[in-house]
Amino acid sequence: PPRSTLFPYTTLFRSRRQSPPGEADAEGKGVVSLPIAVQLAVDSLAAASLYAIVALAVSLAYSGAGTVHLAIGQVGVAGVLTAAVINGSGLPLWLGVLAGLVVAAGLTAAAERTLVKPALGRPVLAAVLLVAAAVVVQELLIALFPSPAYAFPTAPGTIGLLGGDVHVYDLVTIAAIAATGVAGYTLVRSRRVGAALRLTAAAPVVAERFGVDTARVRTACFAV
């Protein structure tokens, strides 16, 4: 993606520094106005929310299996590319999103079963195996998706907020990730699922004595 998408504030400030001195003075001696500040805040919040959802996934996987999910990036890309290809073929958006989620969940669940479970109790070995799996998945993605770019639907348009123009896709991103975070928190804090997860993370032997299928809990944590 263009640099302005990843670092919108950097691009904006660089363009302001390159503007003529008289123009900067006319705008208030280079001080960012409220509309621009609002736009930057929403853009930055949307970008930060993407990192937050990845951190949530890594934390959940670590809570269940005691291993850092170092292949989560490649797994996520596999799901996104699958959704983009299906949507580009003319099929409904919901079907592409569902297929992407299934592919990502299936890959990460398989990684837990075949790599993390055999190395249970040896987190360094599990991490190394996940890195190796990430490299393999990356090469497979390059072979299966040779196109340099894949179109993915977005929410067009802007909304006026405090004098600034806020992109609709930023609001959709924030809302979707916030809903996912709330759902994850509710699930973890629930009496049955949450208790099984916390007990598996703290004392797996005790959890098995209470009838908790710790293997299924670890796989579910990775898949989610």
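Reader: Which residue takes a positive phi in the hairpin of S1 and S2?

Author: That is Leu162, with a phi near 55°, in a hairpin that has 2 residues between the strands. A word on the basis: this is a predicted model, where local features need pLDDT of at least 70, side-chain atom pairs count only at pLDDT 80 or more, and totals for chains, interfaces and linings use all residues. Residues are numbered from 1 along each chain as its sequence is written, and side-chain values use heavy atoms, with hydrogens and water left out.

Reader: What makes strand S1 and strand S2 a pair?

Author: Two strands pair if DSSP finds at least two bridges between them, a strand being a DSSP run of E with at least two residues and a helix a run of H or I with at least four, numbered from the N terminus. S1 (residues 158-161) and S2 (residues 164-167) have 4 bridges in the antiparallel sense, so they pair. For Gly160, the bridge partner in S2 is Asp165.

Reader: Why is Ala78 called buried?

Author: Buried means under 20% relative accessible area, exposed over 50%, and partly exposed in between (1.4 Å probe, protein chains only). Ala78 has 4%, so Ala78 counts as buried. This residue lies in helix H5 (residues 72-88).

Reader: What is Ala78 in contact with, leaving aside its neighbours within four places in sequence?

Author: Ala78 is in contact with Val103, Leu107 and Leu141, where contact means heavy atoms within 4.5 Å. The C-alpha atoms of Ala78 and Leu101 are separated by 9.4 Å, and these residues are 23 residues apart along the chain.
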